[in-house]
Amino acid sequence: MMTRFGVHDLTVQFGGLRALDQVSFAVEPATFVGLIGPNGAGKTTFMDAVTGFTPATGTVTFEGHDLSRVPAHRRIRTGIGRTFQTLELFEDLTVRENLTAAAEKSTWWSPLVDLVRPRPSRAAAEAVEDALSRLRIEDLADVLPPDLSLGQRKFVTVARALALRPRLLLLDEPAAGLGTSEALAFAARLRELVEEGLTIIMIDHDMGMVLKVCDEIHVLDFGRLIASGDPEAIRQDPRVIQAYLGVDDDPAAAEAAEAAEAAVGPENGPVR
Ligand SMILES: Nc1ncnc2c1ncn2[C@@H]1O[C@H](COP(=O)(O)OP(=O)(O)OP(=O)(O)O)[C@@H](O)[C@H]1O
């Protein structure tokens, strides 16, 4: 089977700080990948390097193509989508209009097209309806963002990324701020997208959730990949436990360590 996505020796240097240090791994299609690590480990930098938002050395390959020299806006067109930690939507546009704005791939001639045909293309309109139905949020199509709950906003943010029909989706803390059960329900919906063929790489601080829904997990610490494996292997990996327990003056790390410990029980196997 062709590897859908891979990074090799991916490295990002910010002045004297090596935020990402020779990270290499491959991801097979339709896999749910978790990317975890303590604060400042380099997780967001990884997403930025993959999508071309930050300069990096090493290689990024996707579906047989080397994207390393491809600029950020063109990487999106190759089928890589992402969400950001901030949930910014156009607050005076409805959910459907927000998705449509994202789905319309702009080109140098699109302002001219807008003059003669100021309506979404059929392909974009279809992609929007498809994204709404895949996340089962058709009922939110005409709602304005200020009227959305936090949980609904999370779904809309993912739907907006789906409206560009990505085959690989990078999610940066998509469930942040949700309560445990709401986060798990949200992750279960993401899991369904993976079952339908989408590949997802998700950053999240909620170690318990990542261990429950992901097929494989990569752990970063100080920019280095310190462990890779399935949830069971990650649970038991001493370097992972050390990375989380080692930074005990960091409340988020302490919280993650507690979640990791709580997730060790046999009743916490992966949900499928
Ligand atoms: N533009 C930048 N310039 C300089 N240093 C940066 C820049 N962006 C990130 N860093 C540093 O790079 C390191 C990795 O940051 P990054 O945001 O990728 O970590 P993270 O794992 O996503 O952390 P968090 O869990 O807090 O979001 C940190 O030490 C951060 O301070």
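A: Glu 63 lies in the loop between strand 4 and strand 5. Strands here are DSSP runs of E with at least two residues; helices are runs of H or I with at least four; both are numbered from the N terminus. The phi of Glu 63 is near 50 degrees, a positive value in a residue other than glycine. Most residues other than glycine have a negative phi. Glu 63 is partly exposed, with 15 other C-beta atoms within 10 Å. On that scale, 20 or more other C-beta atoms within 10 Å means buried, 12 or fewer means exposed, and partly exposed is in between, with C-beta atoms placed from the backbone.

This is a predicted model, so local features need pLDDT of at least 70 and side-chain atom pairs count only at pLDDT 80 or more, while totals for chains, interfaces and linings use all residues. Residues are numbered from 1 along each chain as its sequence is written.

Ala 30 also has a positive phi, about 55 degrees, although it is not a glycine. Ala 30 sits in the loop between strand 2 and strand 3 (32–36). It counts as partly exposed, with 16 C-beta neighbours inside 10 Å.

Now the sheet. It is open, has 4 strands in the order 2-1-4-5, and pairs antiparallel. Strands pair if DSSP finds at least two bridges between them. In general, strands of a sheet pair through backbone hydrogen bonds, either parallel or antiparallel. Strand 2 and strand 5 (65–66) are the edge strands, each pairing on one side only.

Strand 1 and strand 2 are joined by 7 bridges in the antiparallel sense. Phe 5 stands opposite Val 27 of strand 2. The hairpin of these two strands has 2 residues between them, and Gly 15 takes a positive phi there, near 55 degrees.

Strand 1 (residues 5–14) also runs antiparallel to strand 4 (residues 57–62), with 5 bridges. Val 7 has Val 60 as its bridge partner in strand 4. Thr 11 faces Thr 57 in strand 4.

Helix 1 lies across strand 1, strand 2 and strand 4. Its direction is at about 65 degrees to strand 2. Such angles run from 0 to 180 degrees between N-to-C directions; axes are lines fitted to C-alpha atoms, for helices over the stretch in contact. Contact means that two residues have C-beta atoms, placed from the backbone, within 7 Å.

The residues around the ligand include Phe 14, Leu 17, Ala 19, Lys 43, Thr 44 and Thr 45. Helix 1 supplies the largest share, 3 residues. By class, the shell has 4 nonpolar, 6 polar and 1 charged residues. Ala, Val, Leu, Ile, Met, Phe, Trp, Tyr, Cys and Pro count as nonpolar, Asp, Glu, Lys and Arg as charged, and the others, Gly among them, as polar.

Last, the domains. The chain is divided into domain 1 (5–79 + 166–268) and domain 2 (94–165). These bounds come from an automatic or database domain assignment. The contact takes 12 residues from domain 1 and 11 residues from domain 2.

Terms used: Near = placed C-beta within 6 Å.
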